[in-house]
Amino acid sequence: MGALPTSVFSATIAGVNVLLVKPAERARSPLFRGARIYGGGYNETEAYLFFCRACLEWLSQSGAQPDIFHFHDWQQAAGCMIYWEKYHVSAGGPFQRASVVYTVHNLDSTGEVRADEFAAFLGLEASFGARFGHVDRALDERTIGHNPERLSLMKGGLVYAAAVTTVSPTYAREILTGGASGWLRPTFARPDVARKVRGILNGIDYDEWDPASDAFLPANYSAQFPAGKAVCKQYLQRGLGLDVDPSA
């Protein structure tokens, strides 16, 4: 537990102001260092808890008053939890008006962590982690009676968010009424959680990402003239060093 020097860089991407957060080079931290974007040679839970805390901490020190915090999947679920328990004005924090939206992309990974690890990875006292170790908050019911019991970060995100979205209305229905929710079904069945779940269909800009006119593709294609798609597939397979196989 303790402070980790952090660097914040600013950029403008497609007209949108973006902040990029990482451990400072002088900290020599292994977090987010590795040959892959996910699953590098570092503790992913520690890395994403650091990320959530660092983002909220930087914003709190900047004096900003955001309207909405939007967190995604287990990697950012802790943001929902620590916002209300540390950074909202009701918990003695600086943020007054912001609310929290939480988006579920993949229920297969829910993020497990011990309460003491949760607090330590956030750089906070152990008692802070203990406050989430209740069934109505973030306790993973599957670990009740185990030593130690564990928290589910995704469950905490669902409970603490003001609104929960999924990637489509169909997926939302499958979560609430089908079998897609898995072991989190009791959480989604809670009236306070179920009523805030909505599905918003993922989409793209059809003008910018139109394969019939995209100049960056090796060949253009459309539903009416699909032949160029096979050329693109062959180009991709060769570029990745894969076997060129139209049926793969």
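The structure is a predicted model, in which local features need pLDDT of at least 70 and side-chain atom pairs count only at pLDDT 80 or more, while totals for chains, interfaces and linings use all residues. Residues are numbered from 1 along each chain as its sequence is written, and side-chain values use heavy atoms, with hydrogens and water left out. The secondary structure of the protein comes to nine helices and eight strands, where helices (H or I, at least four residues) and strands (E, at least two) are DSSP runs numbered from the N terminus.

**Overall make-up**

- Taken along the principal axes, the C-alpha atoms of the protein fill a box of roughly 60 × 50 × 35 Å.
- Of the 248 residues in the protein, 37% are buried, a term that stands for under 20% relative accessible area, with exposed meaning over 50% and partly exposed lying in between (1.4 Å probe, protein chains only).
- The accessible surface of the protein comes to about 14,400 Å², and 55% of it belongs to carbon and sulfur atoms; such areas come from the Shrake-Rupley method with a 1.4 Å probe, and for residues only the protein chains shown count as cover.
- Among contacts (heavy atoms within 4.5 Å) between residues at least 6 apart in sequence, 58% join residues at least 24 apart.

**Strands and their pairing**

- Strands of a sheet pair through backbone hydrogen bonds, either parallel or antiparallel, and two strands are taken here to pair if DSSP finds at least two bridges between them.
- An open sheet is formed by four strands in the order 3-4-7-8, with parallel pairing; its edge strands, each pairing on one side only, are strand 3 (68-72) and strand 8 (197-199).
- From one strand to the next, the twist of this sheet averages 25°, given that axes are lines fitted to C-alpha atoms, for helices over the stretch in contact, and that angles run from 0 to 180 degrees between N-to-C directions.
- Strand 7 (residues 163-166) is joined to strand 8 by three bridges, the two running parallel, and Thr 165 stands opposite Arg 198 in strand 8.
- Strand 1 (residues 6-13) pairs with strand 2 (residues 16-23) in the antiparallel sense over eight bridges; Ser 10 has Leu 19 of strand 2 as its bridge partner, and Ser 7 stands opposite Lys 22 in strand 2.
- The hairpin of strand 1 and strand 2 has two residues between the strands, and Ala 14 in this hairpin takes a positive phi near 50°.

**Helices around the sheet and inside the fold**

- Helix 6 (residues 169-177) lies across strand 4 (99-104), strand 7 and strand 8, and runs at about 145° to strand 8.
- Helix 5 is largely enclosed by the rest of the structure, because eight of its eight residues are buried; among them are Lys 155, Gly 156, Gly 157 and Tyr 160.
- In helix 3 (residues 115-122), the buried residues are Glu 117, Phe 118, Ala 119 and Leu 122, and these buried residues pack against several elements, including helix 1 (44-62), helix 2 (73-87), strand 5 (112-114) and helix 5 (153-160).

**Nonpolar cores**

- A nonpolar core is a set of buried Ala, Val, Leu, Ile, Met, Phe, Trp, Tyr and Cys residues joined through side-chain atoms within 4.5 Å.
- The largest nonpolar core has 44 residues, and those with the most contacts inside it are Phe 69, Tyr 102, Phe 118 and Leu 158.
- Helix 2 gives the most to this core, with eight residues.
- Not counting residues up to four places away in sequence, Phe 118 touches residues including Leu 49, Ala 78, Met 81, Phe 128 and Leu 151.
- A second, separate core of six residues includes Val 21, Tyr 42, Ala 47 and Ala 54.

**Two residues toward the end of the chain**

- Asp 210 is in the loop between strand 8 and helix 9 and is partly exposed, with a relative accessible area of 28%.
- Asp 210 and Val 101 are 109 residues apart in sequence and 30 Å apart in space, C-alpha to C-alpha.
- The side chain of Asp 210 reaches the backbone nitrogen of Ala 212 at 3.0 Å.
- Gln 237, in helix 9 (residues 227-239), is buried with a relative accessible area of 9%, and its contacts, leaving aside neighbours within four places in sequence, are with Leu 242, Asp 243, Val 244, Asp 245 and Ala 248.

Key: Polar contact = N/O pair within 3.5 Å; in protein donor to acceptor, adjacent residues only side chain to side chain.
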